[in-house]
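Visitor: Please show me the structure, and then I will ask about how the chain is built.

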Amino acid sequence: MQDRYRIGNAQTIGFCQVQSNYFSTRNGQEALAVLADGTIDHINGRRCAILAVEACMRKYFAMLSGEAFMPDFDTLVAGILRELRDYIYCGKMPNLSLSILFFRGQEVIYYTVGRNQAFLFDGKDYKILEGRNGRASFGGGMTAGVVSAGVWQVLQEMEFISYLKKREHPFDKAQWMIQGVMEKRKKGAGNATVLLVEDAL
């Protein structure tokens, strides 16, 4: 069966020593996009991000075996943070940004903590998905996405809209966004990641 969604992504390490952003996507008649940012230019930041994303993906694949997908985002993320605190940060709370976008039918369910930013674009209006979690209508011609702080701190809202309006695949749009970040930050650019999901129906 053909994938319902078009998914694009782009990422840069900038001038950091370690890429502390990690992401994963799954496409089909439902879709999932997960982005974690360990926020520090250190191997522990990278490990933190990888483990968080892998925990979310394991939960998603469990759903494919019949288990409900992430019925309680808060419990899932609390468990992830507890493991990271105990096994990587030696009892200290990790500084993790984690965002999840789950697409089913004509709806996107979102969850985001930390400094990532989730958004929705309907072709005209750009809306930040506020709050820790929620639901929004999602249909043909719409784009939802999540970006790390290294992106939204650099690009203005009108710049986001200009990239999203391009008549290109979301992969190309994401590449343009990251290129825009690099051009504006130049030597000050750090880790930056863009994930975009479009409904192709």
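Guide: A definition comes before the sheet: two strands pair if DSSP finds at least two bridges between them. Helices (H or I, at least four residues) and strands (E, at least two) are DSSP runs, numbered from the N terminus. This is a predicted model, in which local features need pLDDT of at least 70, side-chain atom pairs count only at pLDDT 80 or more, and totals for chains, interfaces and linings use all residues. Residues are numbered from 1 along each chain as its sequence is written, and side-chain values use heavy atoms, with hydrogens and water left out.

Visitor: How many bridges join β3 and β4?
Guide: The two strands pair in the antiparallel sense. One of the facing pairs is A31 with F103 in β4. The number of bridges between β3 and β4 is 8.

Visitor: Is E54 buried, partly exposed or exposed?
Guide: Buried means under 20% relative accessible area, exposed over 50%, and partly exposed in between (1.4 Å probe, protein chains only). E54 lies in helix α1. Because its relative accessible area is 35%, E54 is partly exposed.

Visitor: How far apart in space are E54 and I80?
Guide: In sequence, 26 residues separate E54 and I80. I80 is among the residues with the most contacts inside the largest nonpolar core. From C-alpha to C-alpha, the distance between E54 and I80 is 10.0 Å.

Visitor: Why is strand β6 largely enclosed by the rest of the structure?
Guide: In a regular strand the side chains alternate between the two faces of the sheet. Q117, F119 and F121 point one way from β6, A118 and L120 point the other way, and all are buried. β6 is largely enclosed because its buried residues number 5 of the 5.

Visitor: Which strand is joined to β6 by 5 bridges?
Guide: β6 also has 3 bridges to β7 (residues 126–128), running antiparallel, and there F119 has I128 as its bridge partner. β6 and β7 form a hairpin with 4 residues between them, where G123 in the turn has a positive phi of about 105 degrees. On the other pairing, F121 stands opposite T143. The strand joined to β6 by 5 bridges, also antiparallel, is β9 (residues 143–147).

Visitor: Which element has the lowest mean pLDDT?
Guide: pLDDT is the predictor's confidence in each residue, from 0 to 100. The protein has a mean of 86, and 89% of its residues reach 70 or more. Among its elements β9 has the highest mean, 97, and the lowest, 77, belongs to α2.

Definitions and conventions:
A nonpolar core is a set of buried Ala, Val, Leu, Ile, Met, Phe, Trp, Tyr and Cys residues joined through side-chain atoms within 4.5 Å.
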